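Visitor: Please show me the model. I want to know what stands behind each label.

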Amino acid sequence: MGSEMCIRDSFIGLEQLGTPKRSTLVYVGGPLGSVLRCNRQINIARAEFVGVALCSLGFTPVIPHKLYADWEAYGWEEELYYEMDLHILHRCNALCLVVGWKDSKGCKMEFNSASDAGMPVIYEAEVEIEDAEADSTGSTEDSGGKTEEGVSGDQGTGSQSAQDWGSDS
């Protein structure tokens, strides 16, 4: 139970999803492309890490990064990937945005589409290094090490729970 609580702390807005169920599909949205090939691989690994965390909590992650990772050789336009991603997103029950999402055109489109549809949106929590160092020294003070990257107020909270959303699609 202790490790599950630690994993739950890795997300902001997770309570919107209710009791974890494998039937709850959570689309993992995060930046993919980069001028540097190594950054692309890091982005794929980060999305996979978030997906594994969601799976360990009892949800079923959908990670488009893993679907198209090696498709760049086909030379298709980005818009095709965006279109396919939005079709996949709307078959899911919730959207989880990975740290760095606000710098991605595709993620912004996914966020807007999910929000417009009333889909629950959760976020990978960002931990600041200073806070992680304070935690490792045994400090019990709550330093608020999590930030919602570019998210404020009720933005992305959706009006339905994840189990209700998308059940008739």
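Guide: Start at G118, which comes just after α5 and takes a positive phi of about 75°. This is a predicted model: local features need pLDDT of at least 70, side-chain atom pairs count only at pLDDT 80 or more, and totals for chains, interfaces and linings use all residues. Residues are numbered from 1 along each chain as its sequence is written, and side-chain values use heavy atoms, without hydrogens or water.

Visitor: What makes a stretch a helix or a strand?

Guide: Both are DSSP runs, numbered from the N terminus: helices are H or I with at least four residues, strands are E with at least two. Helix α5 covers residues 105–116 and has 12 residues.

Visitor: Why is P31 called buried?

Guide: Buried means under 20% relative accessible area, exposed over 50%, and partly exposed in between, with a 1.4 Å probe and protein chains only. P31 has 17%, so it is buried. P31 lies in the loop between β2 and α2.

Visitor: And why does D103 count as exposed?

Guide: Its relative accessibility is 66%, so D103 counts as exposed. D103 sits in the loop between β4 and α5. In sequence D103 and P31 are 72 residues apart, yet their C-alpha atoms are 7.3 Å apart.

Visitor: Which residues does P31 contact, beyond its neighbours within four places in sequence?

Guide: Contact means heavy atoms within 4.5 Å. The partners of P31 include H65, W101 and C107. C107 is also among the buried residues of α5. Those buried residues pack against β2, α4, β4 and β5.

Visitor: What makes two strands a pair?

Guide: DSSP must find at least two bridges between them. β1 and β5 have two bridges, in the antiparallel sense. β4 and β5 have three and run parallel. In the sheet, the order is β1-β5-β4-β2-β3, with mixed pairing. β1 and β3 are its edge strands, each pairing on one side only.

Visitor: Are the residues of β5 buried or exposed?

Guide: In a regular strand the side chains alternate between the two faces of the sheet. V121 and Y123 on one side of β5, and I122 and E124 on the other, are all buried.

Visitor: What makes a space a pocket?

Guide: On a 1 Å grid over the protein atoms alone, a pocket is an open set of points where a 1.4 Å probe fits, with protein on both sides within 12 Å along at least five of seven lines; a cavity is a set the probe cannot get out of, and lining residues have an atom within 4 Å of a point. Points join across faces, edges and corners, and volume is the space filled by probe spheres set on them. The largest pocket holds about 520 Å³. Among its 26 lining residues, the closest to the centre are L32, G33, R40, E78 and Y82.

Definitions and conventions:
Right-handed = clockwise from strand over helix to strand, strands pointing away. Expected span 1.5 Å × (residues − 1).
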